[in-house]
Amino acid sequence: QVKKAVEALLAFTKSKAKGNALLLNESENVQLLVTVWKVPRVAQVIKIPLPHGIRPETAEVCLFTKDEPNLSAEQTENLYRKLLIQNGIKGISQVISYKTLKKEYKLFEAKRRLLNRFDLFLSDDRIRRLLPSHLGKHFYERKKAPLSVNLKARNLAKELQKYIQGTTLPVTNKGCCYTARVGHTGMKADEIVDNTIAAAEVIAKKLPKNWKNVKLLHLKTLKSVALPIFTASISNLDELDRQPSLKKKEVKKQVKKEKKKKLKKSAKKLNSSQVTSTTEVDATAATKELAITGEVEVVQAPGDRDDDEEIPQLVPMQTTIIAELE
């Protein structure tokens, strides 16, 4: 079924490209569309290694690196370029240090050009958390968020090739359909079939609730209809409904998290109330000292009793002293 769908997609793209000779050199991405029965409660990104590369030779890859101490931005980039050459890595076309990213890509236009220029972005895992504030939301809306890479790995070529040749399946908790790129129309049909089967095997293991949660699988390109390659039985949904234990565990975890948040908030409120109470005590002490020195006169209304519970009314004799106190 996968082979039939792939051959149909390749035939469709060839028929569309016959009218314009320029389109023969261009290739469209082949997407695997995954539809699930149950929407997961927690979002995640499933990393999928593939047997065949899914990017054409013209596609470019960018690597963001950490700033090395006592080195300029250019020296840092040259250092990592040499490291890539020593490990025999040729798939990365440009290395950009964190310092260069902050200086040269501040403007929106510069960020947009960077986004459109590269097909894939990789990032040193040591600076991964610093990138969202500098890249902007468009990288994440276009699903080109940098993938974190361990540049200190022993087998660096294998570590990088896993991400350059592989793909990702972003699983969100806001919908039931997700897409993963498994090839392009310039590849052979057998290579796309191998990538699709390899991706389905990884999804079966890493998807929340595993293979039982997969409802439909489709293959499509950007300009084609989605061709079905797998349809699950309704009995899988019945089996998912019979698993209350998993739901209870997830609910318990969420309840614990909410309780911790509430405890933290209450602790903050207690700290703030203690601070306000201490300031009030200091203020009353100051007014008492002023009353003793004669700068503030304590006046009681007629008919009031000298009870401890009643609060005396303070009448300032000099406004300048109160202004200084404020």
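Both faces of strand β5 are covered: on one side Leu120, Leu122 and Asp124 are buried, and on the other Phe121 and Ser123 are buried. Buried here means under 20% relative accessible area, exposed is over 50%, and partly exposed is in between, with a 1.4 Å probe and protein chains only. Strands are DSSP runs of E, at least two residues, numbered from the N terminus.

This is a predicted model, where local features need pLDDT of at least 70, side-chain atom pairs count only at pLDDT 80 or more, and totals for chains, interfaces and linings use all residues. Residues are numbered from 1 along each chain as its sequence is written, and side-chain values use heavy atoms, without hydrogens and water.

Back to β5, residues 120–124. Strand β3, residues 61–65, runs parallel to β5 and is joined to β5 by four bridges; two strands pair if DSSP finds at least two bridges between them. Val61 stands opposite Leu120. Strand β6, residues 147–149, also runs parallel to β5, with three bridges, and Leu122 has Leu147 as its bridge partner there.

Next, Gln31, in strand β1, residues 29–36. Gln31 is partly exposed, at 22% relative accessible area. Leaving out residues up to four places away in sequence, Gln31 touches, among others, Thr179, Arg181 and His218; contact means heavy atoms within 4.5 Å. Gln31 and Thr179 are 148 residues apart in sequence, yet 6.2 Å apart C-alpha to C-alpha. A polar atom of the Gln31 side chain lies 3.5 Å from the backbone nitrogen of Arg181.

Last, His218, in strand β9, residues 214–220. His218 is buried, at 14% relative accessible area.

Key: Polar contact = N/O pair within 3.5 Å; in protein donor to acceptor, adjacent residues only side chain to side chain.
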